[in-house]
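Dear colleague,

I am passing on the structure we spoke about, together with some notes on what turned up in it. Please read the notes with the coordinates open beside them.

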Amino acid sequence: MELNLIPRPRSVAFGEGVAADMVTKSVEGALPAEGYRLEATKNGIVLTAGSKQGLVWAEHTLAQLRRQFPEGIPCLRIEDAPAYPWRAFHIDSSRHMRSIGELKTIVDAASFFKLNTLHWHISDDQGWRIECKAFPKLHELGAYRNGDHFGTYRSDEKEGGYYTREEVKDFVAYCAGKGIQVVPEIDLPGHVSAILHAYPHLSCREEPVEVVTKAAITTEILCAGKEEVYTFLETLLGELLELFPAPWFHIGGDEAPKTRWAECPCCQAKMKELGLNSHRQLQGYFSSRIVAFLRKHGRRAIMWNDGAYGGGIDPSVVLQVWFPDRDGALDAHIAKGGQVYLSPVVPCYCDYPYGEHPVKAVYQLDLNPDYVNHDTVLGGECLTWAEFIRSPERLQELAFPRFTALAEALWLGDDRDDYANFRARLENIFPVFGEMGIRATPAEGWDPEPEEAKRQSREFRLQFEAESENQDYDALVAAM
């Protein structure tokens, strides 16, 4: 008998007859934390898991079984556990803010397929998104920008908003009930125009900075030489830790040109004081201070892998690998005992069209790439950067079913089926998206034919060409 379940369970054994629909649940410490056992017998259905989170996954499996067998679930025994602990999806609320209700809809669907981590991007050059008691100008000023000029779109209407602390607490608790931890990202020291708009004295030049209205890499970053910057960040992070109990905190570290640091007397003095030879090393010092603060408060830092180019990063830091390595920084970090998780642009960036990153490519993500030690890989993540995603419906179309493909890839790892098998199960279960209020991309759009893929790519690349106006990316990258 074929089960139309996603992710496919690792072990299924069938019995005789139809199970009685009376459910009991329990937590059993001997099972893996996210592992579960589902026993459907003529006496009833027993769900046993290694944790409350594991019970959530067991309940979702039961829900999928009921969909497939509305007249009665056959007697069977399922034993299941994930291959990877980090099975994540990313939502960017800085570029275009989504309401809490819209976010909950995405979380419901992600949880149904056993993704367990939301990487929530809540601050960038284009907006700060959380109410702050200690520094209220962050949400009063930094949450709003004077227009929306992403790609070929042009609007000069003021845009923005922020989540209240109570909204964040409610949302984080809601996610926990769905088996999902929320890991916030505050990108540091770059991508901070919204922060500097509110508090310009934290920059090197202390001049007014506007909240950015388009996609950009800016030279305005936090000053690494002023002690008041570190005091500000520790106070800010301390307040955010009250809202996010997960043991992880993402501090970015990517795309930080050092142009201002090269001109800044404070940064140069700090380098001389510490005996540093490069601005990348200064970023390593900057990041290490934030990492140490988080460790002191029981949190483990995550950084984009290009944030580690300057070295000196504590091995407790997990690197999110999205960008080609430079100067062996990734190898050096792993050699010290560091861990990683995978989100290469191809195919994990789901803001790209299906013609560039089809469902098949996401499902077949290489979890054993030759550029990392396989034992250090915690899992992977799909991302939806929101520069060009203005509506909740478009976010849903781009996320699903690619998030679903990643969910099974990370649950099964090397035990994945061939793609045709997965696709057949996905087509069978597809109506569940509509029932959950998700406007997922239909089957004909999952793996576009070459001509359609080229059309989508041309259309998408026009957005990048528009973004490239007035941006000397080669010079910015060289200064990173």
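**Notes on the structure**

Five strands form an open sheet with mixed pairing, in the order 1-5-3-4-2, where strands are DSSP E runs of at least two residues and helices are H or I runs of at least four, numbered from the N terminus, and where two strands pair if DSSP finds at least two bridges between them. Strand 1 and strand 2 (23-27) are the edge strands, each pairing on one side only. On average, and with direction ignored, neighbouring strands of this sheet are turned by 10 degrees against each other, the axes being lines fitted to C-alpha atoms (for helices over the stretch in contact) and the angles running from 0 to 180 degrees between N-to-C directions.

Before going further, please keep in mind that this is a predicted model, in which local features need pLDDT of at least 70 and side-chain atom pairs count only at pLDDT 80 or more, while totals for chains, interfaces and linings use all residues. Residues are numbered from 1 along each chain as its sequence is written, and side-chain values use heavy atoms, with hydrogens and water left out.

Strand 2 runs parallel to strand 4 (residues 44-49), and five bridges join the two; threonine 24 stands opposite valine 46 in strand 4.

Histidine 250 sits in strand 12 (residues 248-250) and is buried, at 0% relative accessibility. Its side chain reaches the backbone nitrogen of glycine 252 at 3.1 Å, and a polar atom of the histidine 250 side chain lies 3.5 Å from the backbone oxygen of isoleucine 302. Isoleucine 302, in strand 13 (residues 300-304), is likewise buried, with a relative accessible area of 0%.

The search of the whole structure finds 42 salt bridges, each defined as a side-chain nitrogen of Lys or Arg within 4 Å of a carboxyl oxygen of Asp or Glu. One of them joins lysine 104 to aspartate 170, with the closest N and O atoms 2.9 Å apart; because lysine 104 lies in helix 2 (residues 100-112) and aspartate 170 in helix 4 (residues 165-177), the pair ties together parts that are 66 residues apart in sequence. Aspartate 170 is partly exposed at 39% relative accessibility.

Another salt bridge links glutamate 220 with arginine 205 at 3.2 Å between the closest N and O atoms. Both residues lie in the loop between helix 5 (193-198) and helix 6 (227-241), so this pair ties together parts 15 residues apart in sequence. Glutamate 220 counts as buried at 14% relative accessibility, whereas arginine 205 is partly exposed at 39%.

Within helix 17 (residues 450-467), glutamate 451 and lysine 454 lie three residues apart, about one turn of the helix, and their side chains meet in a salt bridge of 3.8 Å, N to O. Finally, a network of salt bridges links Glu28, Arg37, Glu39, Arg77 and Glu79.

Technical notes. Buried < 20%, exposed > 50% of the residue type's maximum accessible area, 1.4 Å probe, protein only. Polar contact = N/O pair within 3.5 Å; in protein donor to acceptor, adjacent residues only side chain to side chain.
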